[in-house]
Amino acid sequence: MKKSLFLAGLSALLLCVFTGMLTADDRDYYINFHRGGGVERPENTLETFLWAWNMNIIPEGDVQYTKDGVAVMFHDGNVNRMVWNLPEELKGKRIADFTWEEVRQFDVGRHMGEDYALQRIPTMESVFCAMAKFPERLLYLDEKGLNEANLREIAERVRHYGIEKQMFFTSGNYDKMLKWKEICPEGVGMLWLGYVWTKDRTANMDGLNKILNRLRENDFRGVNHLVLHIQADPTKEDPFEPKSDFLREFAKEMKGRGIPMEVITWSNGQNPDMYRKLLDLGITGIATDFPSVVLPVIEEARKKNP
């Protein structure tokens with residue numbers, strides 16, 4: 001009996017070591033659930049982040065400040081889409097128009113079903129607290145119009161919880177990435193490259209290359225991870241914008257620089273073949289709104305390339 005208990009305990013420990021303690025440097029593929037759980041869980045709630053972490057997934061969350069200066073996890077420019085049974089007089093208002101006491105009452109789970117009816121907007125502090133002492137819990141924290149004072153406060157809380165290598169400051173503004181590096185040199189940053197598009201949804205390569213040239217001139221200083229926004233259309237011979245050749249070469253360049261590169265597709269994200277093709281191009285990171293589509297594709301890739 002003692003031997004059986006010992007073996008059972010050892011098996012559990014090994015399972016924890018090999019599947020439950022993947023830090024940033026241990027991952028073969030970076031999988032990022034957009035806004036925490038994509039379209040499959042309530043956005044930006046602590047329960048959703050825990051759900052992702054329990055699968056060794058990196059959730060992306062968004063941070064804004066309330067009227068009384070509390071950092072909370074919320075994406076949109078106003079509360080219309082996310083808050084259940086929103087009174088007419090509150091429509092169009094922003095998180096910055098409310099106090100924390102008001103924000104904490106908002107039901108942001110029920111629209112996904114009664115099972116999520118108790119989920120509320122969490123503070124950034126509560127999310128950081130849930131990450132402390134769990135080095136495998138990583139988070140991409142996407143800033144939503146934050147100023148330097150906000151960045152300094154976030155850096156102080158990151159240090160307080162000892163999560164400098166777990167919390168990835170995330171922005172599409174490279175100047176803010178550089179400011180974060182100045183404020184929190186021991187921290188890490190994720191730059192997203194998106195919305196560089198023409199009216200017909202093809203990639204504006206002049207605009208994209210202008211950004212990339214600046215990054216190269218700075219030797220990608222302040223950028224530890226990167227996510228590129230793309231479009232996918234399976235009806236075309238080359239389904240991607242930017243084109244496949246660009247994605248392949250850019251992925252190779254990022255690998256050479258030691259910068260994990262993810263992509264997120266804003267079209268046809270429900271199509272698993274699009275993710276298979278991206279992995280074949282050398283992409284090793286997927287950000288997605290469709291977790292249940294991406295996860296089986298990643299498992300396929302792991303079996304194909306153990």
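The radius of gyration is taken over C-alpha atoms, and the globule rule is 2.2 Å times the number of residues to the power 0.38.

**Figure 1. Overall dimensions of the predicted chain.** With 306 residues, a compact globule would have a radius of gyration near 19 Å, and the chain agrees with this at 20 Å. Along the principal axes, the C-alpha atoms fill a box of roughly 65 × 50 × 40 Å. The chain contains ten helices and ten strands. Its accessible surface amounts to about 15000 Å², and carbon and sulfur atoms contribute 53% of that area. Of the 306 residues, 50% are buried. Among contacts with a separation of 6 or more, 65% join residues 24 or more positions apart.

**Figure 2. The nonpolar cores, with the surroundings of leucine 226.** The largest nonpolar core holds 69 residues, and the members that touch the most others are Phe128, Ile154, Met167, Leu226 and Leu228. When residues up to four places away in sequence are not counted, leucine 226 touches Met190, Leu191, Leu193, Phe220, Phe250, Met254, Ile259, Pro260, Met261 and Glu262.

**Figure 3. The aromatic pair of phenylalanine 33 and tryptophan 51.** Six aromatic pairs are counted in the model. In the pair shown here, phenylalanine 33 and tryptophan 51 are tilted, with 35° between the planes and 5.5 Å from centre to centre. Phenylalanine 33 belongs to strand β1 (residues 30-33) and tryptophan 51 to helix α2 (residues 46-53), so the pair ties together parts that are 18 residues apart in sequence. Phenylalanine 33 counts as buried because its relative accessibility is 0%, and buried means under 20%.

**Figure 4. The aromatic pair of phenylalanine 169 and tryptophan 180.** These two residues form a stacked pair: the ring centres are 4.9 Å apart and the angle between the planes is 15°. Because phenylalanine 169 lies in strand β5 (residues 167-171) and tryptophan 180 in helix α6 (residues 174-183), the pair ties together parts that are eleven residues apart in sequence. Phenylalanine 169 is buried, with a relative accessibility of 1%. Tryptophan 180 also counts as buried, at 2% relative accessibility.

**Figure 5. Arginine 137 over the ring of phenylalanine 134.** The charged end of arginine 137 is positioned over this ring, at 4.0 Å from the ring centre.

Conventions. Residues numbered from 1 in each chain as written. Predicted model: local features only at pLDDT ≥ 70, side-chain atom pairs only at ≥ 80, totals over all residues. Heavy atoms only, no water. Phe/Tyr/Trp six-rings, centres within 6.5 Å; stacked < 30°, edge-to-face > 60°. Helix = DSSP H or I, 4+ residues; strand = E, 2+ residues; numbered from the N terminus. Buried < 20%, exposed > 50% of the residue type's maximum accessible area, 1.4 Å probe, protein only. Lys NZ or Arg CZ within 6 Å of the ring centre and 35° of its normal. Contact = heavy atoms within 4.5 Å. Areas by Shrake-Rupley, 256 points an atom, 1.4 Å probe, with all protein chains shown as cover. Core = buried A, V, L, I, M, F, W, Y, C linked by side-chain atoms within 4.5 Å.
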